[in-house]
Amino acid sequence: HLPRSLVCDGVCDCLRCDDEAVCNGFRYGMYCFTPGPMYFMQYIDPYLICDRTSDCDTGADEHNCMAINKENYHKTHILYDYATMQYIKVANYSRCFPMLIPRYRYLDQTNCTDPSKVGLWCKRDGFTISLSVHILCRKPISTIGICDGRAEDLCRSLSDTCLLHKHKICDGIADCDDLADESNCFPTNRTCRLVTGLQQQSRLQASWVGDGEKDCEDGIDEEVPGDWGTCGRTPFVRLGLTAAGKESCENAFRCSRSRDTAQRFL
């Protein structure tokens with residue numbers, strides 16, 4: 001028996017992770033009778049479904065596992081089976097399960113069924129997909145390459161306890177316990193559609209400009225000096241904003257060469 005606070009908290013506390021099996025109206029995995037001397041109803045986690053090994057005595061966990069056209073992987077619930085090099089449609093399965101994710105099933109952490117599990121969005125093969133909160137800034141998963149341009153790898157170590165994707169920094173939502181992600185925010189007056197966003201425009205942080213990482217889909221943040229105003233010293237010194245929202249060297253920012261921070265330029 002677990003305290004209610006540990007159920008559906010995004011962390012597996014039970015061996016099979018069945019404390020995260022039915023959450024927010026979505027069901028992850030399945031229950032069935034298992035073969036053997038201990039014949040009883042057992043929880044089967046999502047990664048045992050359609051793995052070509054029957055864990056239910058009726059084989060229910062291996063039913064309806066039919067290959068589909070890989071172009072549809074951005075639309076439906078599938079996993080990628082490297083043994084057969086096929087995309088597999090999985091019955092009774094919900095994506096973005098909060099378990100230690102095997103390297104070869106990283107696509108299970110895209111197109112989350114439950115919107116509350118969505119961390120960010122990106123493009124894969126030109127299609128827009130969602131990324132699970134469980135896969136952002138996770139290694140070795142993040143070393144595989146999920147998004148076009150590896151947008152999922154844009155992570156920052158803000159403190160000893162907080163590793164966060166850069167596009168979740170200074171977004172008005174505190175993700176770090178020490179609030180490090182919402183401190184020292186230096187926005188410019190430019191907006192763009194981020195490579196990890198949907199249709200909405202997001203305000204660019206000064207430290208993103210010319211840092212060698214593409215943050216905007218149109219690449220405007222890397223047009224240095226391009227049409228980004230500078231205050232005459234180096235490309236790292238950017239025009240700031242006045243109280244009225246106009247560009248001014250009186251409130252300029254210096255973009256750090258470490259790509260992590262921006263400092264007010266006095």
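**Cysteines and charged pairs**

Reply: Happy to. Keep in mind that this is a predicted model. Let's begin with one cysteine: Cys-14 is partly exposed, at 27% relative accessibility.

Me: How far is the sulfur of Cys-14 from the closest cysteine sulfur?

Reply: The general idea comes first: a disulfide is a covalent bond between the sulfur atoms of two cysteines. For Cys-14, the closest cysteine sulfur belongs to Cys-17 and sits 7.7 Å away, which is too far for a bond. The cut-off used here is 2.5 Å between the sulfur atoms.

Me: Which cysteine does form a disulfide with Cys-17?

Reply: That would be Cys-12, with 2.0 Å between the two sulfur atoms. The torsion about the S-S bond is -70 degrees, a left-handed link between Cys-12 and Cys-17.

Me: What about Cys-170 and Cys-185: are they buried or partly exposed?

Reply: One of each. Cys-170 counts as buried at 18% relative accessibility, while Cys-185 is partly exposed at 28%. The cut-off for buried is under 20%. Cys-170 and Cys-185 form a disulfide, with their sulfur atoms 2.0 Å apart. Its S-S torsion is about -90 degrees, so the disulfide is left-handed.

Me: Now the charged pairs. How many salt bridges does the structure hold?

Reply: In general, side chains of opposite charge can pair when their charged atoms come close. This structure holds seven salt bridges. One of them brings together the side chains of Arg-156 and Glu-213, at 2.6 Å from N to O. The pair links distant parts of the chain, 57 residues apart: Arg-156 is in strand β9 (residues 155-159), and Glu-213 is in the loop between β12 (202-205) and β13 (237-241). Arg-156 is buried, with a relative accessible area of 7%. Glu-213 is buried too, at 15%.

Me: Which lysine also forms a salt bridge with Glu-213?

Reply: Lys-166 does, with the closest N and O atoms 3.0 Å apart. Lys-166 lies in the loop between β10 (162-165) and β11 (187-192), and Glu-213 in the loop between β12 and β13, so to speak two distant parts of the chain, 47 residues apart. At 1% relative accessibility, Lys-166 counts as buried.

Me: Where does Asp-215 lie, and what does its pairing with Lys-166 tie together?

Reply: Asp-215 lies in the loop between β12 and β13 and Lys-166 in the loop between β10 and β11, so the pair ties together parts that are 49 residues apart in sequence. Their side chains meet in a salt bridge at 3.0 Å, N to O. Both Lys-166 and Asp-215 are buried.

Me: Which residues are linked in a network of salt bridges?

Reply: The network links Arg-156, Lys-166, Asp-211, Glu-213 and Asp-215.

How values were computed: Residues numbered from 1 in each chain as written. Predicted model: local features only at pLDDT ≥ 70, side-chain atom pairs only at ≥ 80, totals over all residues. Heavy atoms only, no water. Salt bridge = Lys/Arg side-chain N within 4 Å of Asp/Glu carboxyl O. Helix = DSSP H or I, 4+ residues; strand = E, 2+ residues; numbered from the N terminus. Buried < 20%, exposed > 50% of the residue type's maximum accessible area, 1.4 Å probe, protein only.
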